[in-house]
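Dear colleague,

Here is the structure you will be working with. My notes on it follow below.

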Amino acid sequence: MLFRNCAICHKPFQYSGFGPVFCPVCKKKDDEDFSAVSNYLDQNPGCSGPEIESATGVPVQMIMKWQREERLVTHKAINVGLTCERCEKPIYKGKLCDECKKLLATEFLSSYSSKKQDEISRRTL
Ligand SMILES: [Zn+2]
Ligand SMILES: [Zn+2]
């Protein structure tokens, strides 16, 4: 049997082995908070983090954590406060905006293909 400490209230509980390490009480609270936030966003698309916090009682930090983990994925949450780690443009999920993601992918691809080129030229020598 697997016992873990709850990530929120730090009480030990029987952990199922997958998903977030939340005890049943905190898990229920977390689910309720999550649906309160997504309902509020459905009715108030584009609202700001502090607005959601005062309406639902869920801290902005928590909402941004859900966005970073891509658990809360909706363009309606664009103004919550999450920003791209590279260019600081507002984003609604993950860590980077689409442009920076594309840019990083191209950089990655070009460094990968130049490495391949190196290998090929070394092999032909
Ligand atoms: Zn707990
Ligand atoms: Zn960016």
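The largest nonpolar core has 12 residues: Val37, Tyr40, Leu41, Ile52, Val58, Ile63, Trp66, Leu72, Ala77, Val80, Leu82 and Ile91. Helix 1 (24-43) and helix 3 (60-68) each supply at least two residues of this core, and helix 1 gives the most, with 3 residues. A nonpolar core here means buried Ala, Val, Leu, Ile, Met, Phe, Trp, Tyr and Cys residues joined through C-beta atoms within 7 Å. Buried means that 20 or more other C-beta atoms lie within 10 Å of the residue's own, exposed means 12 or fewer, and partly exposed is in between, with C-beta atoms placed from the backbone. Helices are DSSP runs (H or I, at least four residues), numbered from the N terminus.

This is a predicted model: local features need pLDDT of at least 70, side-chain atom pairs count only at pLDDT 80 or more, and totals for chains, interfaces and linings use all residues. Residues are numbered from 1 along each chain as its sequence is written, while chains are lettered from A and ligands numbered from 1 in the order in which they are written.

In helix 3, Ile63, Trp66 and Gln67 are the buried residues. They lie on the same side of helix 3 because they cover an arc of only 100 degrees around the axis (taken from the directions from the helix axis to the C-beta atoms). Their cover includes helix 1 and helix 2 (49-56). Leaving out residues up to four places away in sequence, Trp66 touches Phe34, Arg71 and Leu72; contact means C-beta atoms, placed from the backbone, within 7 Å. Just after helix 3, Glu70 has a positive phi of about 60 degrees.

The protein is divided into domain 1 (3-94) and domain 2 (98-125), with bounds from an automatic or database domain assignment. Their C-alpha centres lie 36 Å apart.

Regards

Conventions: Two residues are in contact if their C-beta atoms, placed from the backbone, lie within 7 Å.
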